[in-house]
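This report examines a protein chain through its ring pairs, one of its helices and a few individual residues. Please keep the sequence and the model in view while reading.

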Amino acid sequence: MKVEVDSHKLIFHPDRVAEWLNTGDCPPIYVEIGLTNRCNHRCIFCALDWLEKKPVFIDADILKERLSEMREYGVKSVMFAGEGEPLLHPRAAEIIEHAYRSGLDVAVSTNGVLVTQEIAKRILPCLKWIRISVDAASPDVHHQIHQGKESDFETISSNIRQASRMKREKDLSVIVGVQLLIIPENVHEIVSFTRVFAESGADNVQIKPYSKHPLSINRFVIDPTSLVGIEEEVLAFERENFQVVFRTGTIDRLSEERTYDQCFGLPFYALIEADGSVIPCNLYHENKEYTYGNCITNTFADVWGGLQRKSVMKKMQDEGISNCREVCRLDPINRYLHTLKQPHSHVNFI
């Protein structure tokens with residue numbers, strides 16, 4: 001199955017968009033959940049390098065209750081990622097299984113070290129997709145970027161091959177994807193990265209540009225000329241059962257001006273931190289001033305419909321988007337919703 005990650009999917013949710021157009025709000029379609037803020041890597045590109053982390057693991061029993069409630073409330077999908085490595089949570093597999101049984105579409109973003117055979121057997125049947133961030137084609141470059149164990153690249157590569165084989169042997173629908181985030185340290189490995197993981201059994205590789213978090217201390221800069229010709233080279237590896245997703249649209253948007261002046265997409269999306277805080281996006285990790293509420297101490301519906309969230313939404317609307325990330329997850333959604341809010345005079349000439 002071909003995946004689309006360089007645009008948006010709101011066109012498949014007309015009822016929810018109509019609700020937003022009529023009322024200005026709606027239940028979120030998609031929620032990202034951080035199971036823990038701990039991580040077994042210290043990636044040099046990490047957008048959350050500015051956080052001062054004390055180990056936190058979300059309460060599994062309460063989260064399972066909330067996942068069931070969220071499905072009833074109208075949430076359609078959840079992705080387990082967050083501030084840290086989600087599979088470090090000792091009950092991660094149990095939580096993922098429960099989310100699936102609750103009727104949610106489920107995905108995981110991971111660095112791949114802990115996708116062991118035992119874990120893969122439990123979670124792969126529950127997932128729509130799993131994205132494994134490798135960001136390199138060799139052990140040396142991987143260690144330089146991820147700063148984990150020197151053996152991690154081989155461990156992750158083995159886990160990807162094993163998960164891909166398991167998917168096919170059990171005829172699972174999960175999409176196994178491998179990601180590279182372009183930074184100066186790995187530009188020279190983009191083509192070899194694609195070659196290596198085209199041979200791993202994975203369903204796709206995704207190659208996307210680095211985008212600086214406004215609070216990050218990182219200052220990576222990619223010379224666009226260094227990418228000339230690379231897309232054509234990597235697309236040559238595509239096969240019937242292997243897709244190359246080169247994020248040209250995202251790369252192009254890095255140099256484009258925004259067409260909108262506020263974040264319209266916030267009602268369709270939420271992020272839950274490991275302590276249960278519900279926040280608008282990863283710009284506001286550990287920022288209580290912009291926290292909607294806490295879904296460990298309150299139900300998700302109470303948080304989403306509460307006065308605190310309304311106050312935060314109003315505050316963000318008044319502040320605009322001048323401090324936002326260059327090309328955040330909601331950028332394509334905002335472009336689409338802005339067009340719906342500001343139709344030109346010829347829209348009826350279909």
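## Aromatic pairs and charges over rings

Rings of Phe, Tyr and Trp (for Trp, its six-membered ring) are taken to pair if their centres lie within 6.5 Å, and planes under 30 degrees apart count as stacked, over 60 as edge-to-face and the rest as tilted. The model is predicted, and local features need pLDDT of at least 70, side-chain atom pairs count only at pLDDT 80 or more, while totals for chains, interfaces and linings use all residues. Residues are numbered from 1 along each chain as its sequence is written, and side-chain values use heavy atoms, with hydrogens and water left out.

By the ring rule, the count comes to nine aromatic pairs. One of them joins Tyr-284 and Tyr-290, whose ring centres are 4.5 Å apart and whose planes stand at 25 degrees, so this pair is stacked. Both Tyr-284 and Tyr-290 are buried, where buried means under 20% relative accessible area, exposed over 50% and partly exposed in between (1.4 Å probe, protein chains only). In the pair of Tyr-292 and Trp-304 the ring centres are 5.6 Å apart and the planes lie at 90 degrees, so this pair is edge-to-face. Because Tyr-292 belongs to the loop between β9 (277–279) and β10 (293–294) and Trp-304 to helix α10 (residues 300–304), the pair ties together parts that are twelve residues apart in sequence. Helices (H or I, at least four residues) and strands (E, at least two) are DSSP runs, numbered from the N terminus. Tyr-292 is buried, with a relative accessible area of 2%, and Trp-304 is also buried, at 1% relative accessibility.

Ring pairs also link Tyr-73, Tyr-292, Phe-300 and Trp-304 into a cluster. Over the ring of Trp-304 sits the charged end of Arg-309, 3.7 Å from the ring centre, and over the ring of Trp-20 sits the charged end of Lys-341, 5.4 Å from the ring centre. A charge is said to sit over a ring if NZ of Lys or CZ of Arg is within 6 Å of the ring centre and within 35 degrees of the ring normal.

## Helix α2

Helix α2 (residues 60–73) has 14 residues, which at 1.5 Å a residue should span 20 Å, and its end C-alpha atoms are 19 Å apart, which agrees; the expected span is 1.5 Å times one less than the number of residues. At the N-terminal end, Asp-59 caps α2, with a side-chain oxygen 3.1 Å from the backbone nitrogen of Asp-61. After α2 comes Gly-74, whose phi is positive, near 125 degrees.

Which residues of α2 are buried? They are Ala-60, Leu-63, Lys-64, Arg-66, Leu-67 and Met-70. Seen down the axis of α2, the buried residues fall within an arc of 165 degrees, so they line one face of the helix; the arc is that of the directions from the helix axis to the C-beta atoms. These buried residues pack against β1 (30–34), β2 (77–81), α3 (92–101), β8 (269–272) and α10, with contact meaning heavy atoms within 4.5 Å.

Gln-147 has a phi near 55 degrees, a positive value in a residue other than glycine. Gln-147 is placed in the loop between α5 (139–146) and α6 (152–169) and, at 42% relative accessibility, counts as partly exposed.

Glu-286 likewise has a positive phi, near 60 degrees, in a residue other than glycine. Glu-286 lies in the loop between β9 and β10 and is partly exposed, with a relative accessible area of 41%.

His-89, in the loop between β2 and α3, is buried at 6% relative accessibility. The side chain of His-89 reaches the backbone nitrogen of Arg-91 at 3.0 Å. Not counting residues up to four places away in sequence, His-89 touches Leu-35, Thr-36, Phe-57, Ile-58, Ala-60 and Ile-95.

Gln-179, in strand β5 (residues 175–182), is buried at 7% relative accessibility. A polar contact of 3.5 Å joins the side chains of Gln-179 and Arg-131; such a contact is a pair of N or O atoms within 3.5 Å, and within protein one must be able to donate a hydrogen and the other to accept it, while residues adjacent in sequence count only if both atoms are side-chain atoms.
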